[in-house]
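Let's take a walk through this structure together, one piece at a time. Have the viewer open and follow along as we go.

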Amino acid sequence: MSNAPSSYVELHAHSAFSFLDGASLPEELAATAARLGYEAIALTDHDGIWGSMEHAQACRGLGVRPITGTELTVAAPGFPLPSEPYRGNCPPGCFHLTLLVETPSGYRNLCRLLTIAHAHTRGWTDRDELGEPAAPSARRHDLIHPALPFSELQRHSEGLVCLSGCAGDGALAGRVRRGDHRGAERIGRRLLAIFGPDHLRVELQRPLWHGDRSRNRRLVELARILGVPAIATGNVHYHDRRRAPLQDALLAARMLGTLESTEPHRRGNGACFLAPAERMAERFSEHPDAVIETGRLAQRLRFDLNRDLGYRYPGSEDPDADRDLLAACRARFGERYDGTPERAEAERRLEEELRVIAGLGLSGFFLLHRDLLELAREVAVEVRGASAARALLPPGRGRGSSVSSVVCYLTGLSHVDPVKAGLFLGRFLNEEITEAPDIDLDFPRDVREVLIPRIGERYGAERAALVAAFPTYRSRGAVRDLGSALGLPQGEIERVARSVDVYGSGELERELAEAIGERRARSERWLALVGLAHESRGLPRHASQHPGGMVLSTSPLIDLCPTVPAAMEGRRIVQWDKDSCADAGFLKIDLLGLGMLSAVERTVDEVARARGEQIDLSRIPLDDPEVYAAIKRAETTGVFQIESRAQMQMLPRSLPENIEDLTVQVALVRPGPIQGGAVHPYLERKRRLREDPDYAVPYEHPSLEPILSDTLGAIVFQDQVIQVAMALAGFSAGEAEGLRRAMSRKRSAEALDAYRERFVTGAIANGVELEVAERVYDQVKGFAGFGFPKSHAAAFGLLAYQSTWLRVHYGPEFLCALLNEQPMGFYPPDALAHEAQRRGITVLGPHVNRSDVFCLTEPQGDRGGLAVRTGLGYVAGLARADAEAVMAERRERGPYVDLADLAARSGASRDGLERLAWANACSGLSGRLPDANSDPTAGSRRADLWSLGIARGARHFGSSEQLALPLPLPEAPELAPQTPWERVTSDYAATGLSLAMHPLALMRPELDPATASSADLVRIADGAPITIAGMTVARQRPATANGVVFMLLEDEWGMTNVVILPPVYERHRLLIRTAGFVSVVGRLERREGVVNVLAEHLVELERPDLPLAEVRQIEPAAERETGGRIADLGAVLPAAHSFGRRGR
Amino acid sequence: MNAPPPSGFALYRPRAVAVGAREGTPITVGDRRLRVEAIREEWLIEDRWWTREVLRRHYFELVLEGGRCLTVFHDLAGGGWFEQRAF
């Protein structure tokens, strides 16, 4: 043969970014290409370049030339675009083309083509702009298959090379395969007219299917007729042959079928791996010229995303930007700093920052941010309405490193004075930065929801878009998707998916045996699942939107990266995630919705409504002793950040006394400082300083003292890593920032090792001893997990303080806000309500004559007290329209006198009324008082339901409901009262809250008399044996705790923290993962004011009685909600914080 | 891209056949060692890897000396060559 085998270059390869049609990551393909000696490799994922930047980055590091491309779905001439979701390979009427980028203008065209191909993919998109009608039949949020109208190819063909497509569905090969030779020639001629002979190649593939040879002979003949070369490609779907089964299973998952049912659509063999060039030359031995052509064409494809993107910051073209920014800062400077001791330092910092910003050409970028904030202000006024209380609040607040900038402070981007707070600028801005600094802004959720589409409108859909996010396979999702593909029973799949450890890596096999039994776990299909789940780990499954990251551009964004409509109406996303956007150097802003910010605003609003007091949170004292007293006692349930189990364990030891301590506190309980070994030194030194103010804090090296003095010699903040690297190892600001970035990336181990040598050598050159250099580097490396920059911690620390302040002084309003902002925070609503009750706050159930949709406070007693009234929104399954109808009528014409009145006037559906009655929200309206004569809080739900049945008439009468008439109702007969257990169970089922009594109080008489309560813990000695029982509120197994599991148990007096060491966990794994009520035998541990129970043995508690079977006849439809019988308390218990997620 | 593998034809039950092969490619077929004149098609089926009956077959559509066409496969999972005629 004349060709050198090495001349083959792979020009058609899919990664997992073809979403369930590719089984390797781009870096796996790049690494294999490098190992096989490929000079270049193209990535051609379906209808997107989602993985192209990762591909380019991975290739660059390995000396392989990345080629950017896509395999595009095109609607054939005369065929309409798909109007339905389509899960197969290529929708009817469409074909595939392989497009490769040759020049920068070709890249722009590719981005435009991909943007157009996705324009119709969501039901909400308005196609008028692009001249096509919206897809009519699809539901609004389904993802319709992308496809390009053929007519668009002509306009955007320049700079692109077109290969004629794959063996199965390619523009030419697909027709040849079906015997439509004339059709193939016709399409071929049209493509030739569009791309020209230099930019069209007839694509030959050898997937080792029946018909390969005859098809390729036909295609070579067609190439001769068209006068263009044929070219060989591999249609690679995975880097290694061993991924072939995963490819099969992913495809079955995409088609929502099984491996059996999707057989006709699967590839049929394991041939589409990235093969050595010689193997490919052998496969195409009949067509050696087509192999040589790959190398020849690849020589021309020189566009490199790493180099040729040509992005410029928005605002960089404005010649007056430097002057305008200076003016903007000066306008606020006097107001902020005149007469303060920081004035001179602020002046110096401002000049320095403006100089750096101008030097980087970023003045326009800062002005743009100011404009954004102005927009946010407008939106905030609109969203908050006339409420004077909330109008005092800024629309959003900076977090992250931008808080360290004086310019950001003066332009309103941040609300922390960086000079006063001593924040370090380097991480945010330095002269060597190669990418735009990040600016993160936190907004209350409601403001953010309106702001995001508004930014899209302001800057235009072509210039603003959200950043993409790629949910990746973890074991839970993998078990579900791949288990279904393998045709395993859904019941078993669910059991396994729920009981396997999401992050536990090597334990799937064992957990499997526990969940479904040894024998089942050894069956071929389950074994296959274990293998597939491992292989799929970390592969992207689909694209979605990042919660709030946006990119902005002055030149149309769609020349830089394709944009696609998001599922949420009015939002568009770019095809790159935040890492790829950062690699591209895109300017991005994070608009984050922060539940606590919303809760704080709601509290301020509610205080104004209930007490007529205006709170300006920016002016509250930051040294309120009551607040710090509560924090030191860890009475922080519900407040920002310092409410978690881990934080509460630390507060009585760290004893924060001021806002600086809180700043350290929020940053301390993070994987970075924990793994870097910062926690214990910090706590210990703080204790010694308290005992002896002359105690000298030890530092690893004198050069570290100024950097680490705030944190007593420990590395707690991310920016300290940068400063340490600069001071100790002589890193430049840019190098140190590179180190920080390497630490924050997804797969960073190798990158981090490269920095080690540089660090140690640099430190030794600075006269640091080798041992010290290595020890400090290990602390730095330990930090790699995750940590806050100090500026971020300062912003969060402030919010932690403010929320604690509200909790201390306005408890009922704060609880209302938390209940209304769910889901948020660490605790479920039930636990928040119980904790508030223990503090003496009255929490009342929902009531049709008292409740709003949201929870509100209401006057209690005659001394100005406030109680919390649960909103109708808490009634499970109640339609919002029903809740609103009930309220509207009540406001209009007064409270409901009785059930007949309610049924006749409220306009709520029968289902809604039943749910209200079952939630005890109609209590007192049936004329019958509570079931249990002795207990006035017991409610009358049975009588209410009975009466409603009469009042509301027949369920259905013909096609409509019978009208309810306000006739006097007969009195309900004597119905058996609900037992206390039935009440708790139905309270949980109906509202998710048990306000009248705690289940543990009911269990207490049945428990072993030796069982202690959480209130007894203070009296029990350290090391004493103890038995304690409770309801599970949280289960955690932190990655940083070496397999130790923590359980938070709640009883009628409070919470108990249970520590479970690995051997005990192994014995009781299933119980710990699933039980709602447990009894723990163990030993009490008391350390510096913190009490834990070290578990030795656990037992699941059963409820003491069983309900009367006949009672269920009148239980309402709430069963539908819970999917189980109401009598089953386990099914209705509030969701615990279970291993990192809320769920049972 | 993914596409339906060959369809529209069915196969008889396979029958063992003697095949002389070089590097996996048939040279002669049958007890009479008929020479392979040409390979018209060649394909690979790898399937049912999740069951006990794993399928891994390398198929060849051959033209033998004398002009007869024959489809044979090499069973890569269990070993051996088989003849399998299409109808």
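Two strands count as paired here if DSSP finds at least two bridges between them. Keep in mind, too, that what you are looking at is a predicted model.

Strand β3 (residues 25–29) of chain B and strand β4 (residues 34–47) of chain B run antiparallel and are joined by 2 bridges. To find this pairing on screen, look for B:Thr28, whose bridge partner in β4(B) is B:Arg35. β3(B) and β4(B) make a hairpin with 4 residues between them, and in that turn B:Gly30 has a positive phi of about 85°.

Now follow β4(B) to its other partner, strand β5 (residues 55–64) of chain B: the two run antiparallel, with 10 bridges joining them. Here B:Leu44 has B:His58 as its bridge partner in β5(B).

Of the 87 residues in chain B, 26% are buried. Among its contacts with a separation of 6 or more, 38% are between residues 24 or more positions apart.

Where does chain B meet chain A? The contact draws on 18 residues from chain B and 32 residues from chain A. On the chain A side, α7 (212–226), α8 (244–254) and α23 (524–536) each supply at least two residues. That side of chain A consists of 13 nonpolar, 11 polar and 8 charged residues.

Let's go inside next. In soluble globular proteins, nonpolar side chains tend to be buried together. The largest nonpolar core in this model has 339 residues, and A:Ile41 and A:Ala725 have the most contacts inside it. Helix α36 (residues 790–809) of chain A gives this core its largest share, 10 residues. Leaving out residues up to four places away in sequence, A:Ile41 touches A:Glu10, A:Ala13, A:Leu29, A:Ala30, A:Ala33, A:Cys59, A:Val64 and A:Ile67.

Finish with some strands of chain A. Strand β15 (residues 843–844) of chain A runs parallel to strand β17 (residues 865–869) of chain A, with 2 bridges between them, and A:Val843 stands opposite A:Val868 in β17(A). Strand β16 (residues 856–860) of chain A, by contrast, runs antiparallel to β17(A), through 5 bridges; there A:Leu856 stands opposite A:Arg869. β16(A) and β17(A) form a hairpin with 4 residues between the strands, where A:Gly861 takes a positive phi near 65°.

How values were computed
Residues numbered from 1 in each chain as written. Chains lettered and ligands numbered in written order. Predicted model: local features only at pLDDT ≥ 70, side-chain atom pairs only at ≥ 80, totals over all residues. Contact = placed C-beta atoms within 7 Å. Nonpolar A, V, L, I, M, F, W, Y, C, P; charged D, E, K, R; others polar. Core = buried A, V, L, I, M, F, W, Y, C linked by C-beta atoms within 7 Å. Buried ≥ 20, exposed ≤ 12 C-beta atoms within 10 Å, placed from the backbone.
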